[in-house]
Amino acid sequence: MRRSTFLLPIIVVIAAIGLSSLFIVDEREKALVLQFGRVVAIKEDPGLAFKIPLIQEVVRYDDRILSRDVEPLEVTPLDDRRLVVDAFARYRITDVNQFRQAVGTGGEESADRRIDGILRNELREVLGSVSSNDILSSDRAALMLRIRNGAIAEARALGIEVVDVRLKRTDLPTENLDATFERMRAEREREATDERARGNEAAQRVRAQADRTVVELTSDAERQAEIIRGEADARRNSIFADAFGADPEFFEFYRSLTAYQRSLQGSNSTMVLSPDSDFFNYLKSPTGATADAAAAAAAADAAAAAVAGQ
């Protein structure tokens, strides 16, 4: 009974010491075994590992790609147009021993501060060597590559590999936004005025050309109308000449009747002429009205037939 009483605590102590000497390295991390603050072992492969209890301790570091956002930074490009740049970096710890020596007991928090300083220096150096138009254009990819390459060289001393650097946002300082917007608005208004002036000039040219075309078309149409009218009058006169030439006596009779019609208009027309005037030759014809009417009808039929034949 007494022996079991003494053995049980000893077994418990031995078990506790054995368990405290074991630790597991996860596949997402790397571990350092420290003895009195000095690195005695590096555990990078996942699995079970050992350490001396109470004397050695284990410090773990993340083996995944980590992200670090840099506080917005104001930079001044070559054209003195200040910009506020917001960037972030992706990095991973490649050499845990060198990383421990560089950052000490601060760990990843201390590394983040060191990376912030590196990125700020690179951002100021690279973006300060170009104009703001280059920063805001498609050349940003080349600028980010330069910043990343510079950060890689400096971060290597920390046991860190910078995987990527990106510019998230590039804006003007708040105090410069209003002035910039006003300048942009003035430039756009000037461009709009120029466009309207050019449009009005083009419209004037089009209207002038259209007016000229109208005048030319109208003149040509009137000229052709006059030609057609003249040809029609000539054809009409020719038809009448042929018709009346078939019977000259009827032509004289028709002209006299037309003269009578034009002269004796209205109910109270009065004409003062000599009784033997030639004007009344067909009114005083000795053959009588019936014969004259028959002759006139025959002549009218001949004239109508001649016109129809034309």
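**View 1. Arg166 and Asp164 pair up in this predicted model**. Arg166 counts as partly exposed because its relative accessibility is 37%, a value between the cut-offs for buried (under 20% relative accessible area) and exposed (over 50%), found with a 1.4 Å probe on protein chains only. Asp164, at 23%, is partly exposed too. Their side chains form a salt bridge, 2.9 Å from N to O. The term covers a side-chain nitrogen of Lys or Arg within 4 Å of a carboxyl oxygen of Asp or Glu. The structure holds 18 salt bridges.

Residues are numbered from 1 along each chain as its sequence is written. In this predicted model, local features need pLDDT of at least 70 and side-chain atom pairs count only at pLDDT 80 or more, while totals for chains, interfaces and linings use all residues; side-chain values use heavy atoms, without hydrogens and water.

**View 2. Asp69 meets Lys168**. The closest N and O atoms of this salt bridge are 3.9 Å apart. Asp69 sits in strand β6 (residues 66-69) and Lys168 in strand β9, so the pair ties together parts 99 residues apart in sequence. Helices (H or I, at least four residues) and strands (E, at least two) are DSSP runs, numbered from the N terminus. Asp69 is partly exposed at 42% relative accessibility. Lys168 is partly exposed at 44%.

**View 3. Arg28 bridges to Asp26**. Their closest N and O atoms are 2.9 Å apart. Arg28 is partly exposed, with 45% relative accessibility. Asp26 is partly exposed at 23%.

**View 4. The largest nonpolar core has 38 residues**. Such a core is a set of buried Ala, Val, Leu, Ile, Met, Phe, Trp, Tyr and Cys residues joined through side-chain atoms within 4.5 Å. Tyr61, Phe99, Leu119, Leu123, Leu127 and Ile160 have the most contacts inside it. Elements that each supply at least two residues include β2 (29-35), α2 (96-103) and α3 (107-127). Helix α3 gives the most, with seven residues. Another core, of five residues, lies apart; Phe23, Val25, Val33 and Ala49 are among them.

**View 5. Leu127 and its contacts**. Contact means heavy atoms within 4.5 Å. Beyond neighbours within four places in sequence, Leu127 touches Val75, Pro77, Val85, Glu122, Ile135, Leu143 and Ile147.

**View 6. Helix α7 covers residues 248-263**. Its 16 residues should span 22 Å at 1.5 Å a residue, the expected span being 1.5 Å times one less than the number of residues. The end C-alpha atoms are 22 Å apart, which agrees. Phe250, Phe253, Ser256, Thr258 and Tyr260 are the buried residues of α7.
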